[in-house]
Amino acid sequence: MTGPVDRDEGVRRPIPVLEVRGVSKVFRSGGSFGAQHMVTAVKDASFEIRPGEAFGLIGESGSGKSTLGRLLLRLEEPTAGQIMFMGTDIAHLTGVQLRRLRAGMQMVFQDPFNALNPSMTVRRALAEPLKIHRKLRGAALDAEIARLLDIVGLSASAQGRLPREFSGGQRQRICLARALALQPKLIVLDEPTSALDVSVQAQIINLLVDLKQQLNLTYIFISHDLSVIGQVCDRIGVMRRGELLEITSRDQFIVNPETEYARSLRDAVPEIGRPLPDFAAEKAA
Ligand SMILES: Nc1ncnc2c1ncn2[C@@H]1O[C@H](COP(=O)(O)OP(=O)(O)OP(=O)(O)O)[C@@H](O)[C@H]1O
Ligand SMILES: [Mg+2]
């Protein structure tokens, strides 16, 4: 393994891509007549992500998954705690450094319809980050756009088209290509398939699994769909009411979750851990 290492335990281990220490987020919601109430969306969360890992964040609606994801990119400011990205505390980054952080940590959202600028062709959507962050021009730019479209399974002819000319699944492929354009160290996927038809969901999940293997990507995958998490993730963090209750390996989660709550989630999804239909069909053929 190349790249930065720490020697804290006398062993050469890669520095975590991300270290989250005691992070909390309290929202103050303004009620009528000045009445305010506080919502603790994330409560004292700590975890780390190692290079090449796929970390799944699960939990019921409102448990704080998206807020935690947004805190990592500094789309929200934490009320307490510390977030280190590639060994740097992100709290005080401004200007160029903050832009670099956001390039290094890409987020892919649930709704590919809103995530793309409707008046921008695919070529422009991909060319902009490549020009700004990677300074590509001319033939090198053309080649990289073609490569990105190819690895997400879109044809080169997609370049001249607008987002509305694509299906939901294809749009999510465009969003992925755009995220990959920046060669991010970490990709935060927030329910990336839940707005898609079930058959398309499986295709996108398979693509995510393939891309992770091909490019050694590091994911945080947010979902309340455990069967999806089971396909993609090596480790799983279980959230409930803002708290990160339990962090386990996927295999441990399947055979023996620690908490009662995690067990109830697992028991509700008997198919967790089974391969996707596409994989099964390929093997049977
Ligand atoms: N900007 C905000 N202002 C006030 N409260 C907020 C804000 N964003 C989130 N919350 C509250 O924080 C809590 C966690 O919300 P969050 O969106 O992180 O949950 P989630 O786990 O992503 O849910 P879902 O599965 O439905 O996407 C909820 O109670 C939500 O209402
Ligand atoms: Mg959410």
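Where is R241 placed? R241 sits in the loop between strand 11 (235–240) and strand 12 (243–249). Helices (H or I, at least four residues) and strands (E, at least two) are DSSP runs, numbered from the N terminus. The model is predicted, with pLDDT of at least 70 needed for local features and pLDDT 80 or more for side-chain atom pairs, while totals for chains, interfaces and linings use all residues. Residues are numbered from 1 along each chain as its sequence is written, chains are lettered from A and ligands numbered from 1 in the order in which they are written, and side-chain values use heavy atoms, without hydrogens and water.

Stay with R241 for a moment. Its phi is near 45 degrees, a positive value in a residue other than glycine. Most residues other than glycine have a negative phi. R241 counts as exposed because its relative accessibility is 61%. The cut-offs are these: buried is under 20% relative accessible area, exposed is over 50%, and partly exposed lies in between (1.4 Å probe, protein chains only). Q183 also has a positive phi, about 50 degrees, and is not a glycine. Q183 lies in the loop between helix 6 and strand 9 (186–190). With a relative accessible area of 48%, Q183 is partly exposed.

Now the whole chain. It has 11 helices and 12 strands. Of its 285 residues, 48% count as buried. Its accessible surface comes to about 14100 Å², by the Shrake-Rupley method with a 1.4 Å probe, where for residues only the protein chains shown count as cover. Carbon and sulfur atoms hold 50% of that surface. Contact means heavy atoms within 4.5 Å. Among contacts between residues at least 6 apart in sequence, 66% join residues at least 24 apart.

Helix 6 (residues 168–181) includes A181. A181 is buried because its relative accessibility is 0%. Beyond its neighbours within four places in sequence, A181 contacts P129, L130, R134 and L148. The C-alpha atoms of A181 and I145 are 8.2 Å apart, although 36 residues separate the two along the chain.

E144 belongs to helix 5 (residues 138–151). Its relative accessible area is 8%, so E144 is buried. Leaving out residues up to four places away in sequence, E144 touches L130, R134 and L136. Its side chain makes a polar contact with the side chain of R147, at 2.9 Å. A polar contact is a pair of N or O atoms within 3.5 Å; within protein, one must be able to donate a hydrogen and the other to accept it, and residues adjacent in sequence count only if both atoms are side-chain atoms.

Turn to the interior. A nonpolar core is a set of buried Ala, Val, Leu, Ile, Met, Phe, Trp, Tyr and Cys residues joined through side-chain atoms within 4.5 Å. The largest has 50 residues, and Y219 and F221 touch the most other members. A second, separate core of 28 residues includes I49, F55, L68 and I222.

Around it are 13 residues, with S61, G62, K65, S66 and T67 coming nearest; near means a heavy atom within 4 Å. Helix 1 gives the most to this shell, 3 residues. A polar side-chain atom of S61 lies 2.5 Å from an oxygen atom of the ligand. A polar backbone atom of G62 is 2.8 Å from a ligand oxygen. Taken alone, ligand 1 exposes 640 Å², and the protein buries 62% of that.
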